[in-house]
Amino acid sequence: MLIHKTKIRVRYADTDQMQFAYNGKYFEYFEVGRTEMMREQNLPYKFIEDSGYLMPVLTTHINYKNPAFYDELIEVETRVEKLPELRVHIDHTLKSIDRNILICTGYVDLVFLNKGNRKLTRPPEFFIDSIKTYFTDEKN
């Protein structure tokens with residue numbers, strides 16, 4: 001399993017009138033976690049796009065547990081629990097570091113498109129090669 005953790009501080013601009021982080025911001029926090037995880041694997045989105053692929057989001061889901069507040073430090077845990085075959089399923093967990101509580105859980109499913117013809121394609125070999133070592137114990 002591939003796991004990455006990053007920290008984000010809730011900005012004032014992220015909050016709503018109730019002083020909670022606005023619910024739509026959580027997907028942005030997921031994206032930060034996903035982007036940093038991929039960068040750590042030498043797979044920044046720019047490299048993927050320059051290699052002829054796009055990675056649009058197909059599905060998103062979130063379960064809100066507790067609000068995040070202005071200036072709170074949160075941890076974004078990003079996990080890929082299974083080597084992708086077509087969809088890239090990425091789980092996310094947000095936790096308050098300051099209060100030591102769960103903020104939310106959720107996931108994002110992405111797919112690869114050929115940049116030239118915009119057709120669905122399997123994850124490219126360079127992508128699989130970069131992450132497959134995290135899944136060596138899986139049985140086929």
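Me: Okay, contact means heavy atoms within 4.5 Å. What kind of model is this?

Reply: This is a predicted model, where local features need pLDDT of at least 70, side-chain atom pairs count only at pLDDT 80 or more, and totals for chains, interfaces and linings use all residues. Residues are numbered from 1 along each chain as its sequence is written, and side-chain values use heavy atoms, with hydrogens and water left out.

Me: Got it. How many helices and strands does the protein have?

Reply: Three helices and eight strands. Both are DSSP runs numbered from the N terminus: helices are H or I with at least four residues, strands are E with at least two. In sequence order the pattern is β-α-α-β-β-β-β-β-β-β-α.

Me: And what box do the C-alpha atoms fill?

Reply: Roughly 45 × 35 × 25 Å, along the principal axes.

Me: What share of the residues is buried?

Reply: Buried residues are 40% of the 140. Buried means under 20% relative accessible area, exposed means over 50%, and partly exposed is in between, using a 1.4 Å probe and protein chains only.

Me: What about the accessible surface?

Reply: The total is about 8300 Å². Carbon and sulfur atoms account for 48% of that surface. Areas come from the Shrake-Rupley method with a 1.4 Å probe, and for residues only the protein chains shown count as cover.

Me: How many contacts join residues at least 24 apart?

Reply: 68%, counted among contacts between residues at least 6 apart in sequence.

Me: New topic. How many cavities of 30 Å³ or more are there?

Reply: One. The largest cavity has a volume of about 60 Å³. On a 1 Å grid over the protein atoms alone, a cavity is a set of points where a 1.4 Å probe fits but cannot get out, and lining residues have an atom within 4 Å of a point. Grid points are joined across faces, edges and corners, and the volume is the space filled by probe spheres set on the points.

Me: Which residues line the largest cavity?

Reply: Leu2, Met37, Met38, Gln41, Leu43, Met55, Val80, Val88, Ile90, Phe127 and Ile131. Helix α1 (25-40), strand β5 (88-96) and helix α3 (125-131) each give two or more residues to this lining.

Me: How do they divide into nonpolar, polar and charged?

Reply: The lining has 10 nonpolar residues, one polar and no charged. Ala, Val, Leu, Ile, Met, Phe, Trp, Tyr, Cys and Pro count as nonpolar, Asp, Glu, Lys and Arg as charged, and the others, Gly among them, as polar.

Me: Met38 is in that list. Is Met38 buried or exposed?

Reply: Met38 counts as buried because its relative accessibility is 3%. Met38 sits in helix α1. Beyond four places in sequence, Met38 touches Leu43, Pro44, Tyr45, Ile48, Met55 and Phe127. Met38 and Ser130 are 92 residues apart in sequence, yet 9.5 Å apart in space, C-alpha to C-alpha.

Me: And Lys25, buried or exposed?

Reply: Lys25 is buried, at a relative accessible area of 15%. Lys25 also lies in helix α1. Not counting residues up to four places away in sequence, Lys25 touches Arg11, Ala13 and Asp14.

Me: Where is Leu110?

Reply: Leu110 is in strand β6 (residues 101-110). Leu110 is buried, with a relative accessible area of 0%. Leaving aside neighbours within four places, the contacts of Leu110 include Arg34, Tyr45, Met55 and Arg87.

Me: Follow that to Arg87. Where is Arg87?

Reply: Arg87 is in the loop between β4 (73-80) and β5. Arg87 counts as partly exposed, at 46% relative accessibility. Outside four places in sequence, Arg87 touches Leu58, Thr59, Asp109, Leu110 and Val111.

Me: Last one. What is the phi of Asn42?

Reply: Asn42 has a positive phi of about 60 degrees, although Asn42 is not a glycine. Most residues other than glycine have a negative phi. Asn42 is in the loop between α1 and α2 (45-50), and counts as exposed at 61% relative accessibility. Arg118 also has a positive phi of about 60 degrees and is not a glycine. Arg118 lies in the loop between β7 (112-114) and β8 (120-121). Arg118 is exposed, at 53%.

Terms used. On a 1 Å grid over the protein atoms alone, a cavity is a set of points where a 1.4 Å probe fits but cannot get out, and a pocket is an open set with protein on both sides within 12 Å along at least five of seven lines; lining residues have an atom within 4 Å of a point.
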